[in-house]
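Student: Could you take me through this model, beginning with the overall fold?
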Amino acid sequence: MDVELGPIEFEISQDDIMAFRKHYFFRSEPGRRRLMLRRLVWFLVLLAPGIARLAREYPSADLIRFAGAVFVVVGSSGALAWFIPTWGIKAGPDTQSLAAQGRWQFTARLDGLSHVHIEGSALMPWTDFNRIEHGDSALYVFAGERALLIPLRAFESQAAADRFAAYVQARIDAHTGSV
């Protein structure tokens with residue numbers, strides 16, 4: 001495949017950015033790991049004061065009541081810890097993500113992925129990228145933990161999006177040594 005694909009022109013909206021955040025934290029492996037770490041930290045933060053208070057209030061002779069109270073504290077801490085870390089993800093994009101809004105143009109070239117935006121233009125070599133992921137509404141081309149998002153509406157058909165994704169994956173594989 002020694003051809004260029006593009007240019008692909010599209011507009012990135014706040015909805016696109018929110019779809020990426022949800023994809024990253026709920027579907028992407030690195031995002032899921034970060035979310036689980038956030039949940040573990042929140043669980044420990046919420047659990048510690050409750051256990052400390054229970055240990056002071058219940059003498060060791062009242063083991064049944066103490067065990068029941070521990071169950072309530074652990075359960076409520078776990079429930080809160082499960083949901084608190086996702087509130088920020090669903091609330092809205094951060095300032096850095098908002099800078100990504102606007103008109104974009106991508107061209108997949110032999111030497112890298114070229115993009116033009118109001119902030120300027122750049123050519124990112126294929127060695128900077130490590131994977132491409134398919135979301136519900138976009139393709140995400142990852143460079144480390146950051147991603148370039150290309151909405152599926154930018155392509156004339158699903159087949160065109162699949163061809164582009166296959167081309168990008170082949171270029172990444174060819175330049176990173178994986179096959």
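Predicted model: local features only at pLDDT ≥ 70, side-chain atom pairs only at ≥ 80, totals over all residues.

Student: How many helices and strands does the chain have?
Tutor: There are 5 helices and 7 strands. Both are DSSP runs numbered from the N terminus: helices are H or I with at least four residues, strands E with at least two. Along the sequence the pattern reads β-α-α-α-α-β-β-β-β-β-β-α.

Student: And what share of the residues is buried?
Tutor: Of the 179 residues in the chain, 37% are buried. Buried means under 20% relative accessible area, with exposed over 50% and partly exposed in between (1.4 Å probe, protein chains only).

Student: Which strands form the open sheet?
Tutor: The sheet has 3 strands in the order β5-β6-β7, with antiparallel pairing; two strands pair if DSSP finds at least two bridges between them. β5 (131-134) and β7 (146-151) are at the edges with a single partner strand each, so one side of each has no neighbour in the sheet. From one strand to the next the twist averages 20°.

Student: How many bridges join β5 to β6?
Tutor: There are 4 bridges between β5 and β6 (residues 138-143). Ile-132 has Val-141 of β6 as its bridge partner.

Student: Which helix lies across these strands?
Tutor: Helix α5 (residues 158-176) lies across β5, β6 and β7, at about 160° to β5. Axes are lines fitted to C-alpha atoms, for helices over the stretch in contact (heavy atoms within 4.5 Å), and angles run from 0 to 180 degrees between N-to-C directions.

Student: Changing topic: how many aromatic pairs are there?
Tutor: The count is 6 aromatic pairs. Rings of Phe, Tyr and Trp (its six-membered ring) pair if their centres lie within 6.5 Å; planes under 30 degrees apart are stacked, over 60 edge-to-face and the rest tilted.

Student: Why is the pair of Trp-104 and Phe-106 stacked?
Tutor: The ring centres of Trp-104 and Phe-106 are 5.7 Å apart and the planes are at 10°, so the pair is stacked.

Student: What about Trp-126 and Phe-129?
Tutor: That pair is tilted, at 5.9 Å centre to centre and 55° between the planes. Trp-126 and Phe-129 are buried as well.

Note on methods. Residues numbered from 1 in each chain as written. Heavy atoms only, no water.
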